[in-house]
Amino acid sequence: MNKIYNHLKNSPSAKSFKGMSVLQKNITIKFLKIITLIILIFSNSLAFGAISYVDDIDVPANDKNGQNIPHGVTFNSDGTKMYIIGSSANRIIQYTLSTPFDISEATLLAGSICTEGFAGDGLKIIFNSDGSKFFLVDDATQDVEILTLTTAYDISTCSNTGSKDFGTTNLRDLKFSNDGKKVFLYDQGGTHSLKQYSLSSAFDISNPTLVTTYTGTSSKTLKQLTGNENKVNGLAFSSDGAKMFVTNDTKITEFTLSNPFDLSNVTSEGREDISDQITNNKISGIAFSNDGSKMFIVDSKTGFTSDVHEYDLTCGFGVKSCIDPTANKDDVASIETQSETTKKIIQHTTYPVINRMEWLRRNSGRVNLTNQNIKFQINNEILNALSESLIPLYFSNDGNNESNLNNSTWSFWSEGTISIGTTGDTNQSSSKDINTSAITLGADKKGEDNIMRGIALRFGTDDVDIGELGSALDMNSFSLTFYESKPRGEQRFTDNLIGLSFINSDLINNSGSASTDGERYGEQLYGSLSLRDTFSRNRLNFTPKIKINYGITHLGAYTETGATGLNLEYDDQYIGNFTSSLGTSLDNTYDFQVGSFIPYFDFEYYADMSPSSQQKFSYTSNGESFTLENINNTTHNIIGAIGFDFVSENGLTLMTKYTRDQSQNSKNDNFNIALDYRGSSRSSYAMSIDDTSAKLTHNKELNNFKINIDSHYDFFQEDPDYGIYLEISNVN
């Protein structure tokens, strides 16, 4: 800025500067600085979506390895090979690039050509995803030739396997979606049209189904939008399908698609004229590097030397403007997932601890306080609220029913959770598939003040697949929780906890042919407060309860790597959390000669009332910034459960529970069975069936040794997970 200011100050128009008064000089200096600032702001705004020439190469003509009238240019998947096709010398020629997507040292491979089965004038060549097949747009016959390659991306091994006539009158180009399930054609006939077809199999055009035809807007035809000339020659998409580009002789028209690779809602962003950067004023073909930071066009005209031009773009696919990440469903879903998952960590961390405190009071006179509780859950929505009341599967070392609640020794416990869920896409974000697993290890004891205090450690992982292009989030967390349960009467308790979590996330943002990577760290503070009271009449117990979870999460700033034109830099983000639930449980005990039968019912309403957060980010290439606001996943869930416990006189205990978690757009069903048998004071057996997993455990004391055998088997999996664990230790 000082250089610009000094240049203005010393310009000829400022010769009289020295003769001014002090006041005049001050006014002039301020004026010059304002002008300088305006110039800087204006120049920066022009940088967004700017095109800059880099290099070009001459395509040899009138040569057996050359191309007289080139029309199309494309690359292999990693940008180390370039292919050019034309309409006079009907052949495809191949170059090698020493640096991917850099034509400055392109080498023409003599003899590496394809002329197999050309029916007329070739316009464009399009590869499938693995380079084993390519498609050739034939101008003379108005069909698409289909050729296979014996060696991927080696056109000298080409073999014609047929053709497809789409019924066009002036076919200019053809493109596929990333998955090969959609194909797009530009027909220059009439007022021009873009046709979108769906394919039953990837890159199989034998039986296409027309989905939609785009012919422009109500006020302008597609022909008018692209330059009002019958000279459209090229079609291209951004790697994520959010942008589309159409070329005529000197201009590139940019379109935005509301949904990736979907012509149902198209917006024209205007045309970019590059006539001053080309020689022959005839843009025939267009292609981009995977990350969109480079653009290539074929500058072609009959009787002139034809060139392939290379350009730099200040942001990925930014011919007219940069891709707006806040309008990209995968980008939005990735940001939402980070926010939602950190809030779920608080919920998943506090639930096992609160359940432990309730279990301690509920079983104070029945079993040993050391227990193991394994829960497997299948969700229909992203990490739905876990059921508050969990069925414990406990393993007693001595079969003594005497409670340890009045002892001063520590009791140990653990709880594991596996959760699988999905969330459908919305108008703003893509769908999410979630896999969560965690284990919580805890220890507690009762103090002289009659308060139960403890500490718990949780290790959790959240793996989320986003959209259909391969974007993903892998979040690992470690949580440390301190908790206590205070009696407020004979059957009334307040449970509270406070904790700290450390978060590490690996992020992949895949846009199809290019992807970015990021690593993000975070921390969170959280707490929970619950109140429960039991009212008893005869053996009927009614327990209303209320619970509040709260917390704050900080996610640190990070910068993506991997795709120069698409890399984003994210600012720090702060996420608040406030949830509440109101519920009740009802149980009764019936005594028989063989044992006790205890049926019960749980009901809970769960609401997320967290404040919205926002995420600010910008392109690393040009600094253009964006803000995604109102990030929130407010949900309202109804949770109901029904089950029973059976405690027999001969040491057999059977526990069952069915839970339904229902929200507006999803539901979750969970079924638990637990079986416990104590044959003697030094031996116990336990079996549980939880959803698709079966578990069998045998604990025994023999000659001052403890022998624990644990086995598990997942009987519904195609490739089941099973194992046996043996532990031998001294008796304390």
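**Note on strands, ring pairs and salt bridges**

1. Strand S35 and strand S36 (residues 625-631) run antiparallel and are joined by 5 bridges; strands are DSSP runs (E, at least two residues), numbered from the N terminus, and two of them pair if DSSP finds at least two bridges between them. Ser618 stands opposite Ser625 in S36. The hairpin of S35 and S36 has 5 residues between the strands, and Gly623 there takes a positive phi near 80°.

2. This is a predicted model, in which local features need pLDDT of at least 70 and side-chain atom pairs count only at pLDDT 80 or more, while totals for chains, interfaces and linings use all residues. Residues are numbered from 1 along each chain as its sequence is written, and side-chain values use heavy atoms, with hydrogens and water left out.

3. S35 (residues 613-619) also pairs with strand S31 (residues 568-570): 3 bridges join the two, which run antiparallel. Here Glu569 stands opposite Ser618 in S35. Of the 7 residues in S35, 5 are buried (buried is under 20% relative accessible area, exposed over 50%, partly exposed in between, with a 1.4 Å probe and protein chains only).

4. The count of aromatic pairs comes to 22. Rings of Phe, Tyr and Trp (its six-membered ring) pair if their centres lie within 6.5 Å; planes under 30 degrees apart count as stacked, over 60 as edge-to-face and the rest as tilted. Phe459 and Phe478 form a tilted pair, because their planes are at 40°, with the centres 5.2 Å apart. This pair links distant parts of the chain, 19 residues apart: Phe459 is in strand S24 (residues 452-466) and Phe478 in strand S25 (residues 471-487). Phe459 is partly exposed at 39% relative accessible area, and Phe478 is partly exposed at 30%.

5. Tyr558 and Tyr570 form a stacked pair, 4.7 Å centre to centre with 0° between the planes. Tyr558 lies in strand S30 (residues 558-559) and Tyr570 in strand S31, so the pair ties together parts 12 residues apart in sequence. Both Tyr558 and Tyr570 are buried. Ring pairs link Tyr558, Tyr570, Phe617, Tyr619 and Phe626 into a cluster.

6. The whole structure holds 16 salt bridges (a side-chain nitrogen of Lys or Arg within 4 Å of a carboxyl oxygen of Asp or Glu). One of them joins Asp495 and Arg532, with the closest N and O atoms 2.9 Å apart. Asp495 lies in strand S26 (residues 492-510) and Arg532 in strand S27 (residues 515-533), 37 residues apart. Both Asp495 and Arg532 are buried.

Definitions and conventions. Helices (H or I, at least four residues) and strands (E, at least two) are DSSP runs, numbered from the N terminus.
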